[in-house]
Structures are given as structure tokens and as C-alpha cells.
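Please read the following note with the sequence and the structure at hand.

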Amino acid sequence: MQTSDSTTLTASTNERDPGSSEHPQAPGGATGTTNPKRAVKRKKGKWSATRKKDALLARETKRSLLRNFMQLPLDVILEMFSHLHPRALLSIARTSKALRAMVFSQRHADLWKNAREEAGVPGPPGGFSEPRWAALLFDINCCQVCWNKINAEVNWYFLRRACDECTQRHTVRLPYPNHSMGYSEWLPRQLMLELVDSEVMEYIPWGRSGYQTNAQAVLFWDDDAIDVVSAWQELSKHTEPAGRKAFHSWKMHRREIIQKNLNLIPTYQLWRINCLYPSKKLIKHRENRLVGEQKYMAFQEIKNRLREAGHRTEDIEMSKLLYPAPYLLDSDAALGEEWERVRPSFEGDIGRLKDFRVTLEMELVTQERFSVFEEVYETFLNTLPPSERYRCPEISSFRTDRDVVTILETNRNIPVTRAHFQPIANKMRAIVDRAHNELRRSLVSTARPHFGLHEDEPWLLARCVFTRFRRADPGLLMAGDGVLVGWDMITTHRHKGHSTVWLRPRVPVHASRAFDYNHSSSVDSRRLVALANLPQNVTVTELDERDPRFAWEHEGGPYVLTVFTWRAMLAHLYVNRIHATQYRPRLATEEEKSAAKAFEVTARQQAKAWACNHCPQYLQASDADTKPVVLAHLAEKHGVTEPEMTTDYFINERCRYAYEVPYYRN
């Protein structure tokens, strides 16, 4: 019957002519103009009744065996499973749903542990369950990232079994370079890692791709980095005592996890060598086992020598120089002259790790002491008039001051009070000047390479434009924060957030973010200086005295002429970056300049850019008000009926762009 059907099917197929009109050929070598009909699929041969019966019997036999096996007492089954290899347990768990539920049950967690211990497999690191650990070790023909059937090795640093392509794709360096990875799903996470705080890298599991011996080539797995950075950003928001304590506990827990995992890496590597080369009789196996054991012994010898030198175990195990060392030194070299050559590098790195550990342990105590200094500083600020007060550095700027650091790092058993900071309070103005000098040095170091300044040139040139939020708020276009020219604007603006700076190597402290270079506005400023026929080395003060005006003509809709001061023109170009390529500014005519100045006489008085110099009520940018309101406040609250500029009231530099009112004419 089966033969007859096959013969009939073959005959009917051979009778079709692929070149006939009923079945025209496809357009590539075709004679017809229509699409060909789909070919008839070959019918599957029918099973005989005997074959069907045998298949059903085999299936039922397997099910019956499984049912009979599951009817055994549970303790008997578990006893049998406990003598199996973890690899066999994985296979059993993938046999049926019933066995999977039994093997993966939380009540039978000891089953995996007993099987692992009997097989001589090292224990799992923190965060790994026994089944997940077994899958990592023994699923050798599967990448556990892309899940392709491919031979993939375990990266012991990242504790992932990944193929080379996935490892290359998912490992990153931090801080992350500011460029696209080439696939869109990464972009939101890329922005997070571009803004990563330098200290957070100490809490992310690190490693190397392959056996890199360069100790500086440290990589991070992107998912690990995202998880840790997200937790860091969430916990760092809480500044109350309970939030700080939770943040500190999280840091200590992260460091403990990383330390334990790093300590187990040599054990895992030695176990892997023994699995790959199990025979003690074959010469090839014996040689490879010997090499692996020598590297393991070299690692242990280096650790022992560092302990003998007085270093603590937790500092030794966190060193990034330690783990490539066994691949650079054999056990004999570790005991010989080679050790004396590399020893200073090890001890220097471990000394820095010790400083980091001590700083972390002292973090809560240091924060309490710094809050005492904050009260002392606030008392000093209350003695200053608002026009001077808002130019003083914010409190975090003093975190690296040598006098403040000396008190903060006092023995943790000594309670620190305001009396300890009294010597600093007596010379607070000198310390403020020192902080301003430090800010000035940082601005000069930023300005010279970017602006091409010579050593003898002043650095506060009109073409030197800074910003405070470039790394803190990417994409935020607010001229009041992003276009800062001149010392007055810089010192009166507060930094956006904080960054981690290194007081000493491996001693992180949170300080104010430094001002950054504003490239686009600096280019615009050079253009405006050239339009005003002034030299490129003109200073901010000189340009304010010249007071050039610039016109902006908008012709896209109704014609509008706008006349700006040079500062207002910079702010306008910064915010309207898209239109700056379509409409270019020009130098205003004398008539336009006169009209703008006449308009400004009353317009600037109505700008919310004025502040009282007797109280801080109008000191914040959002609180500044118009000149009539401030004068009324002086008369009502302070009894000043004949106020004088700068003595009783002043222009709030935080609202400079509200004060620089543009002039519009249709």
C-alpha cells in the first residue's frame, strides 16, 4: 500500500511540465508573466499499524517507568540523587516536570550541596544558588548570555559563562566613553554610565577579558555596572542620618561580596585545571596539572609574603595587581629576586587599598564631624552681607582643606565638637580665600588647554566661557547655569551635585563638582568679539566697558529685530542652538544701540534680578525680585528710605540674564 501511493505520487509529479503555459516559470529564466503555483508537498509515508503500536508501547513504557520510580519513597530517591554528580542532577531536572519540581524544591536544597561536596566541586560564591552554580560549571556547550549552542568558557571574574562575542559586547570601561555602542537598546544605560561617579567603581565586580596582564585594563560587566550604579544613585539621594547609614551598610556589603568572590578565583581555576586534565598517569595531563598547581602555589605564596609584611587579608585580596601575578611569576620566582622587584608595586597598591578601607569605615563618623563644621561655617556666613555671602564657596568645597581634614581624621574614639573647629573659625576668611584660590587654579587649568591661552595672558577673557552642569544634567539648556563668564558669575553660582575627588590615593571624598568648559558658547564668544572689532584677548571687564550691542533678525515669520548685549547674545545663541545656523548675529547700528539703551532704563528695573543687601530674602535666583519691590522691602523691613546701590541693594549675579533685557522692534 505504501509502495503504490509513492509510485502514484511520483508519476503525477513527473507528468507536470515546468515550461507549460499552465505553470509558467519564474521571472529569472521564465517564459510566463505570472507567479508559479506552489509545488505540492510530498505526502509523508503512512506508518504501519505495527510501527504505531511499538511507538506507543515504548512511550507508555517510559511513562510507566517514571511513574513507578516516582512511587518510591521520597527519602530513597533523595538518597540515590545525593550520590550523583551535579551534572547528572541537571540532566535529571530536565527530564520531566515532576522530577524538575522535586530536584529544584527548596525543601531539598541540601541535595545539591551533598552532591557537590561528594564530587569535590568548590562551593558557590555569594548570590549563587546550588542549581545555578551547577549550571554555570557544567553547561559547557551553551553561552548563558545569548544561549547559543557554542563552546563557552567561564569568566571567573564576572562569574558568567559567555562566548567571546558576548564578552566583548557586554564588558565596558568606566567612566564610560561618550560615544554610541551601535545598538539602540544600550543608549539609555550608556547615559547613566557616562555620569558615573568615580568612587562607585570600587563597588562593581571587575575583571579582565582573557588573561590580560595589564593591571590597568580593568573591565566591568555592563549589567553589573548598571545594577550597582542604579543602587548608588538611589541610595545617595538620602542625606538624613538613617539614609546615610543605609548607604554605608550597602557599601560595606558590596565590598564584602567582591572580596569573597576574588578570594575564590584561584580555587576555581585550579579545580578547572583538574577537571580538564584528570589523569595523573598521562604525561600531558600531569604536566598541565603541575603548571596549574604552580600558579596556585605562587598566588598563595604572594599572599603569605604580604601578610608577613603586616598587610591585612582584606586589603590583599582586593588588589587588582594580585590576580594577574601568578601568570607573570612562577613559584620559584615568587621566592627569588623577581619578588623583590615587584614587591614595591604590590605594597603600594595594597597601602592605597588600606587607606580606602579606613576611610570607608570612618565614613559615618566623618559625616557627623563635618556637620559640626557646617554649623561653624553657617555662623560665619551670617556675619557677612548678602552681596559677600553668596560669593563664598559652598560647604563641600572645604572637604579637602588641610586644616579641616586634620580635624575630620582625628581618632574615631575622640568626640569632636565645635570647640575643635574654633581655630578654623578664627581664620575663616583666610580659608575662604584659599578655597577661591583653589577654584581659580582649577579654572586656569581648564582654560589654558581649551582656550589656547599663553602663560602671560589673563585667563578671565571674554572668550572663556564655563558651565556648571555639563556632566550633571546632559541636555539641559539653561543659560543661567550653562553660560558663565567672569569671576562674579562663577563664584555666585553653586555647583550642580557633587563628585568624588581623591584626597589622597584611594581616599575618596565628596566635593563640589568643578566647573567645566563650554565649547559651543566659547566659539560664539569668539565670533562676537570679532564682530565687535576687538582683539581676542579682550577681558570680561573691558568688554563690559565697551558694551557692544548685537542684532538678531528673524525673518521666518513676521519680521522681528532683537538687540542684545554681548552676554544676552551668548545666552540666546546657547538656548537657540538649532536656529543659530540659520540666523547669524550682526553688530547693531548706532541707532539700534541707542534705542536699546533707552528701553533698558525702565526694563531692567522691572527685571526680577535685584536683591537686598541687608538680609538674604532675595539671594536665591528664584527669590530675586524687581527693583521697586526690593526698595519697598528696604523701607518697610529695614527702615532705609534713601538706599544706595551696592550698599543697600545690588544686582543678583545669579539672575544676570534676566537683568540683560533684550530690545525688540517689529
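The points below concern a pair of helices, a further helix and a pair of strands.

1. The model under review is predicted. The remarks that follow should be read with this in mind.

2. Helix α11 (residues 241-276) and helix α12 (residues 283-308) have axes that come within 9 Å of each other and cross at roughly 170°. Because an angle over 145 degrees counts as roughly antiparallel, α11 and α12 are therefore described as roughly antiparallel to each other.

3. On the α11 side, this contact is made by N263, P266, T267, L270, I273, N274 and L276. Helix α12 contributes H285, N288, R289, G292, E293, Y296, F299 and K303.

4. Where do the buried residues of helix α4 lie around its axis? Helix α4 spans residues 86-93, and its buried residues are P86, L89, L90, I92 and A93. These residues cover an arc of only 165° around the axis, so they are on the same side of α4.

5. Strand β11 (residues 560-565) is mostly covered, with five of its six residues buried. Strand β15 (residues 663-665) runs antiparallel to β11, and three bridges join the two strands. Within this pairing, L561 has R665 of β15 as its bridge partner.

Definitions and conventions. Residues are numbered from 1 along each chain as its sequence is written. This is a predicted model: local features need pLDDT of at least 70, side-chain atom pairs count only at pLDDT 80 or more; totals for chains, interfaces and linings use all residues. Side-chain values use heavy atoms; hydrogens and water are left out. Axes are lines fitted to C-alpha atoms, for helices over the stretch in contact, and angles run from 0 to 180 degrees between N-to-C directions. Helices (H or I, at least four residues) and strands (E, at least two) are DSSP runs, numbered from the N terminus. Angles under 35 degrees count as roughly parallel, over 145 as roughly antiparallel, 65 to 115 as roughly perpendicular and the rest as oblique. Contact means heavy atoms within 4.5 Å. Buried means under 20% relative accessible area, exposed over 50%, partly exposed in between (1.4 Å probe, protein chains only). The arc is that of the directions from the helix axis to the C-beta atoms. Two strands pair if DSSP finds at least two bridges between them.
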